[in-house]
Structures are given as C-alpha cells and as structure tokens.
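Here's a walk through one protein model, from the overall fold down to individual side-chain pairs. Have the viewer open and follow along.

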Amino acid sequence: MMKRRSSLRCCATLTFVCVVFLSLMQVYNWTVFNSSPSTHEYLSSKNRLIADRRQHYRAINETQSSTFIKKKDNHNDGYSEYVVKDNSDPFMRDHYDIKKLHNLGVIRTPEDQRLRDEGHRQHAFNLLISDRLGFHRAIPDSRNKRCVNETYPVDLPEASVIICYFNEAWSTLFRTVVSVLDRSPQRYIKEIIIVDDTSEMTQWRDPIRTYVDKNLPKVRYVKTPERAGLIRARMFGASQASGQVLIFLDSHCEVNLHWIEPLLSRIKASKSTVAVPVMDIINPDTMEYVSSPLVRGGFNWGLHYRWDQLPDRIKQVKDYLSKPIESPTMAGGLFAIDRQYFNDMGQYDAGMDVWGGENLEISFRIWQCGGRLEIVPCSRVGHIFRKRRPYGSPKGQDTTLKNSLRLAHVWMDEYKEHFFKMNSAARNMPYGDISDRVVLRKQLGCKSFKWYLENIYPEQVLPTDKKDAPLSLGKFKRKEKVASALRGQIYHLHSSLCVQSESDVFTKKAMLVLEPCQDFGKEYKYQTWYKSKDDELLLSDILCLDVENVFQGRSFARLMKCHGNGGSQSWTIKKNGSVMMLYNPATGKCLRGSQDENGSPLDLGICDDTPSLSFQFRKRPSRSN
C-alpha cells in the first residue's frame with residue numbers, strides 16, 4: 001500500500017512539473033512573437049501581424065502538403081501510362097531558344113502540376129520540362145573559340161560509353177544516350193551500354209528495354225543482378241564492354257559538339273592518361289544549358305571534392321584555354337580511360353559502397369601509380385547539377401565516410417592524420433578489408449602521398465600551414481548596381497496595391513505581400529523593384545524575388561540572396577497590352593496576388609486570364625508643386 005501511495009505521489013509531481021513547463025513555454029513563445037524590433041520602427045506595428053500570418057500560412061502548407069508526408073512510392077510517379085515517348089520539337093532540335101524552353105515549363109492542368117511535383121520529389125529536377133523537351137535538342141557550343149582550330153587524328157580508338165542509372169527519369173536517360181549518338185562520329189562509338197542498377201521503378205524497366213531494342217541499334221541494356229551502387233555498377237558495365245576506351249557518363253548529361261575527339265586523342269597519345277571533359281551546367285529547374293568556367297579538381301582535408309581555380313603557373317601557359325590541363329583530382333562522373341589500363345590499375349575499389357569518395361581514390365591512384373589525369377577544355381558535357389541527391393544507400397549508412405576511410409588508409413600514408421583531425425569520430429569506424437588494395441599499391445610500385453602533394457598538388461595547404469588554401473570556385477557576387485530599363489513599383493491591378501516585403505528589404509526568406517502604394521521617402525524605396533539583364537527582380541537592388549517550393553501545396557514568393565544562376569530567381573514578362581504577368585520558368589507558374597487586401601501574401605498560380613495575375617511596372621510619380 002505504501003509503495004502504491006508513493007507511486008501516486010510521484011505521478012502527481014511529474015504531472016505538476018509538466019503543466020508548469022508547458023505554461024512557461026507558452027509565455028516564452030508569446031513574448032518572442034510579440035516583442036517589438038529595435039530597428040525599422042515604421043514596421044513595429046506589423047510584428048504581430050507578420051507572426052500570425054506566418055503561422056496561418058504555415059498551417060495551410062502543412063495541410064495541403066499532408067499527402068506528401070507518406071512512405072515513398074516509386075510507382076506513384078505522376079504518370080498515367082508507362083510509355084517512353086520522344087517529344088522532340090523540330091525547331092528546338094536545331095535551335096537553342098530560351099523563350100521556347102521556358103514555355104515548355106508552363107503548367108496548364110493539375111496533371112501537369114502533379115507530374116512536376118513528383119518529378120522533383122523523385123528526381124530533384126523539373127521532369128515536366130524534361131519530358132516535353134524530348135531526346136533531341138540543340139545546345140549552345142560552349143567551347144573556347146580556340147578549340148575550333150584544334151585538329152585530331154582520324155584513326156582514334158573506338159569507345160564503349162557506359163551509362164549507369166538508378167531510378168533515373170527516362171527522358172534524361174535517353175537524352176544522354178541520344179546526345180552521344182547525335183554528336184559523335186559513329187566510327188568512334190563501339191557501343192553504348194546503359195546499366196540498370198536494379199532500379200526500384202520497375203514499371204519503367206520493360207518500356208526502357210523495349211525502346212532500346214526497337215530504336216537504338218548501337219545501344220545495349222543490361223541490368224545488375226541486384227542493387228550494386230554506382231561504383232560496382234560501373235565495374236559491371238565495364239565487364240560487358242568491348243571498346244578500347246571506356247567513357248563513363250552520368251545518366252543526366254548532354255554531350256556537346258566535338259566532345260569525343262579531344263578525349264580519345266589524349267588516350268591515343270598515352271594509354272595511361274585519363275581524360276576528363278569540362279562539366280557544363282544544366283539548370284535542374286529550367287533545363288537551361290550554361291557554360292562553366294575552366295577550373296580543375298581539388299580536395300579539402302575532410303576528403304570532399306572541390307573545384308579549384310586555375311593556379312597562375314597554368315595560366316601562364318600559351319593557349320591554356322584550349323590545351324589539356326593536369327588536374328589533381330576529378331569529379332568522377334564523366335571521364336575516358338583506356339580499358340586495359342583501367343583493368344591493370346585496379347578498376348575501382350570494389351570494397352567501396354554505392355557512391356562517394358571513389359573519385360578521389362581513383363584520382364590519387366592514377367597520379368601515384370604512374371598515370372596522368374587531365375581536364376580537356378575542348379571537350380564539353382552538360383550535367384544536371386541537382387540541389388539534392390534523390391536516393392540514399394540501400395542500408396542507410398554513410399557510404400561516403402566509409403569509402404573515405406578506405407582511401408585514407410590505402411593511399412594517404414601519414415597525411416591521413418589530417419583527415420582524422422577533421423573527423424575524429426571516424427578513426428575507430430569500420431571500413432572493411434583493404435588488404436587487396438594495399439597489395440595492389442605495392443604491385444604497381446606507387447609513389448607516396450608526400451610525392452603527390454609536392455609534385456601534383458603543390459598548391460594544397462596543410463591544416464598546420466599558415467598559407468592560404470587554393471582559391472576555389474567562388475560564390476556569386478554582384479559587383480555593381482543593376483542596369484535596367486524596368487525600375488519602379490510592381491502594381492497589382494486588381495487590388496490597386498503594391499508588392500513589398502512583409503518585413504524589410506534586408507530580410508532573407510521574408511514573404512512578399514501587397515500593401516498600399518507609397519509615392520516618396522523610405523516607404524517608396526522599399527517598394528522599388530529592378531529587373532536585371534539576367535531576368536532577376538531585385539527589391540531595392542538588394543535581394544532577389546524567389547520562390548519557396550512546397551510540393552503538392554502552395555508556392556510562395558519570398559526574398560532571397562541573389563545567386564546569379566537563374567532558376568527560381570528568373571522571371572519573364574508575359575504582356576497583354578499594358579498589363580503583364582510575371583512568369584517563373586522554374587515553377588511554370590505566374591506571380592499571383594491571391595487576396596485583395598493589405599498584407600495578403602503573394603504566391604504562384606497557373607498562368608491564365610485571372611485578374612489576380614495582372615501587374616504593371618509603375619514608374620515613380622512626379623512631385624506636385
């Protein structure tokens with residue numbers, strides 16, 4: 001009985017403590033949401049309204065997005081039928097036209113929206129545009145002009161092009177394949193092998209295989225017996241190949257004009273040279289093709305790949321913009337290698353799992369064991385750089401860390417201690433048996449990692465050094481004010497209100513709202529928009545109009561730091577007389593004032609004749625006497 005009373009007293013005490021704690025939290029939250037700011041006094045009266053508005057629209061998003069928070073179903077991919085179709089437009093097959101490309105993303109129906117949303121969820125790019133674009137399309141020649149004068153031997157070796165994929169969209173997969181066929185002399189293409197790494201999207205397996213068999217005679221479809229991961233899937237594909245040269249490509253690429261001759265010519269000159277094309281950028285939201293600057297591969301001591309700017313010693317070489325450049329590492333997705341050399345030097349480390357770190361491992365091995373790794377500027381291949389990786393490892397483990405441990409223990413000698421200082425928890429983590437790779441290093445007579453740093457990557461800086469690290473590819477910086485003919489307020493015709501930030505012009509992630517139009521002073525400045533030559537819209541020439549995507553929910557307009565890469569920060573004007581709609585190609589929708597009242601937020605809607613989509617650029621009125 002005493003024990004029972006004691007238990008009841010404990011329960012009552014715990015209940016009381018919980019009630020007090022929750023009450024304190026409510027008081028704290030009320031204080032946070034209702035405290036007035038110390039700056040921008042003219043906005044202080046809006047604080048509670050902003051907090052309430054954010055809470056309200058967060059609740060809307062959570063309600064509308066509830067169907068997204070569920071177990072991933074790879075069969076529910078937005079398609080009503082499973083048929084591979086080439087939707088290539090005859091005009092776009094021969095002309096690269098940005099306006100027509102943007103128009104491909106227009107969302108006209110709920111089915112379009114569903115396909116786009118599911119595409120982003122499963123592939124992390126705009127599937128609606130990709131499917132409408134088809135397999136054949138023109139892209140801009142991104143090579144330096146000096147490349148036009150470069151000549152190559154005619155008797156180049158034949159290549160087997162190996163394209164591995166897991167849960168890849170069929171339109172990007174076949175655009176990769178068809179671009180190789182369209183832009184390569186057929187005498188250099190022995191075969192194209194597409195390796196299905198036992199994709200979970202089994203509904204597409206037969207349609208893909210059938211399309212290959214019926215339409216692409218030089219292409220072979222093969223499938224791994226079970227999920228192997230990218231590393232072992234590439235080894236599987238290489239075992240099926242018969243070409244003298246192996247060219248590995250990711251499954252969401254487009255090769256450019258005369259891409260293959262520069263690669264094959266380097267391998268013809270030396271079988272121990274590994275040739276890497278320059279990776280151009282295909283925007284994942286709009287499928288725009290953008291030329292990349294000439295950079296080379298490096299790494300940091302956390303063993304992450306990075307893009308380094310070219311050192312001065314390379315820039316001093318005549319015609320460096322068109323001649324091969326030695327690179328300490330490669331990104332790993334795209335490269336050409338002699339097949340016999342690939343086998344002799346140990347292929348990939350089969351003890352590595354799925355993806356991550358294998359690019360640094362093979363880069364170190366190439367250099368330390370007598371090979372050469374080059375960036376070839378006159379070979380260009382576009383690659384969709386996704387904002388996230390849409391799949392993980394089968395068992396959910398951190399494969400990059402395990403793989404990095406393997407390469408550190410095999411190739412980095414005493415310099416692996418710098419990696420462990422960056423990641424102390426990794427020191428005692430398992431990484432499998434590496435004895436066969438240690439034996440391989442001895443058999444190949446490989447040099448030390450110290451030799452690699454001193455002779456191949458002298459620009460690299462040790463964590464203990466007081467020197468600056470190599471300059472990496474910098475982030476976008478706006479150097480000067482925007483020059484534009486369009487400057488003024490964005491005036492919403494239906495409500496007679498103007499677009500401004502819910503907070504101020506400096507607050508990132510602030511929502512855009514409709515407020516009474518101001519004519520002068522700070523309030524006017526805070527409603528002044530600039531349209532740049534890159535189709536950005538900047539509020540007070542500071543932050544860019546961007547879109548927060550909420551899949552299967554509403555997409556709200558927000559202010560974000562300008563990144564200079566287009567995508568969701570690109571806005572084109574669709575005019576109907578003096579009235580305009582602001583179209584965002586990344587979402588396929590137009591800016592919308594969904595409610596005609598002060599403080600109502602702006603979102604995006606299907607572009608139609610709805611009055612809520614109608615805006616004007618309103619110039620500053622002149623002062624009256």
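What follows covers the chain as a whole, then its cores, ring pairs, salt bridges and a surface patch.

## The big picture

Keep in mind that this is a predicted model. The protein chain has 18 helices and 24 strands, and 52% of its 625 residues are buried. If you look at contacts between residues at least 6 apart in sequence, 75% of them join residues at least 24 apart.

In soluble globular proteins, nonpolar side chains tend to be buried together. Here, the largest nonpolar core has 59 residues, and the members touching the most others are Phe174, Ile192, Ile194, Ile208, Ile247, Leu249 and Trp259. Helix α7 (residues 170-182) gives this core its largest share, 7 residues. There's also a second, separate core of 57 residues, with Ala238, Met345, Ala426 and Tyr452 among them.

Skipping neighbours within four places in sequence, isoleucine 208 is in contact with Val84, Tyr165, Trp170, Leu173, Phe174, Ile194 and Tyr221.

## Rings meeting rings

The structure holds 20 aromatic pairs. One of them is phenylalanine 135 with tryptophan 170, an edge-to-face pair at 6.0 Å centre to centre with 85 degrees between the planes. Phenylalanine 135 sits in the loop between α6 (127-133) and β1 (159-165), while tryptophan 170 is in helix α7, 35 residues apart. Both phenylalanine 135 and tryptophan 170 are buried. Another pair is phenylalanine 299 with phenylalanine 364: the planes are at 70 degrees, so this one is edge-to-face too, with ring centres 5.3 Å apart. It links strand β8 (residues 295-299) to helix α13 (residues 358-368), across 65 residues of sequence.

Take Phe449, in helix α17 (residues 449-455). Is phenylalanine 449 buried or exposed? It counts as buried because its relative accessibility is 0%, and the cut-off for buried is under 20%. Phenylalanine 449 and tyrosine 415 are 34 residues apart in sequence, yet their C-alpha atoms are 7.4 Å apart. Beyond its sequence neighbours within four places, the contacts of phenylalanine 449 include Gln368, Trp411, Met412, Asp413 and Arg441.

## Salt bridges

A search of the whole structure turns up 36 salt bridges. Arginine 175 and glutamate 254 form one at 3.5 Å, N to O, joining helix α7 to strand β5 (residues 253-255) across 79 residues. Arginine 175 is buried at 2% relative accessibility, and glutamate 254 is buried at 2% as well. Arginine 437 and glutamate 361 make another, with the closest N and O atoms 3.7 Å apart. This bridge links helix α16 (residues 435-444) with helix α13, 76 residues apart.

Arginine 220 and glutamate 191 meet at 3.2 Å, N to O. Arginine 220 lies in strand β3 (residues 219-223) and glutamate 191 in strand β2 (residues 189-196), so the bridge ties together parts 29 residues apart in sequence. Arginine 220 is partly exposed at 31% relative accessible area, whereas glutamate 191 is buried at 8%.

Which residues make a nonpolar surface patch of about 210 Å²? They are Ile281, Val290 and Phe385. Valine 290 belongs to strand β7 (residues 289-290) and is partly exposed, with a relative accessible area of 38%.

Key:
Residues numbered from 1 in each chain as written. Predicted model: local features only at pLDDT ≥ 70, side-chain atom pairs only at ≥ 80, totals over all residues. Heavy atoms only, no water. Core = buried A, V, L, I, M, F, W, Y, C linked by side-chain atoms within 4.5 Å. Buried < 20%, exposed > 50% of the residue type's maximum accessible area, 1.4 Å probe, protein only. Helix = DSSP H or I, 4+ residues; strand = E, 2+ residues; numbered from the N terminus. Contact = heavy atoms within 4.5 Å. Patch = residues over 30% accessible without salt bridge, like charges linked within 9 Å, V, L, I, M, F, W, Y side chains within 5 Å. Areas by Shrake-Rupley, 256 points an atom, 1.4 Å probe, with all protein chains shown as cover. Salt bridge = Lys/Arg side-chain N within 4 Å of Asp/Glu carboxyl O. Phe/Tyr/Trp six-rings, centres within 6.5 Å; stacked < 30°, edge-to-face > 60°.
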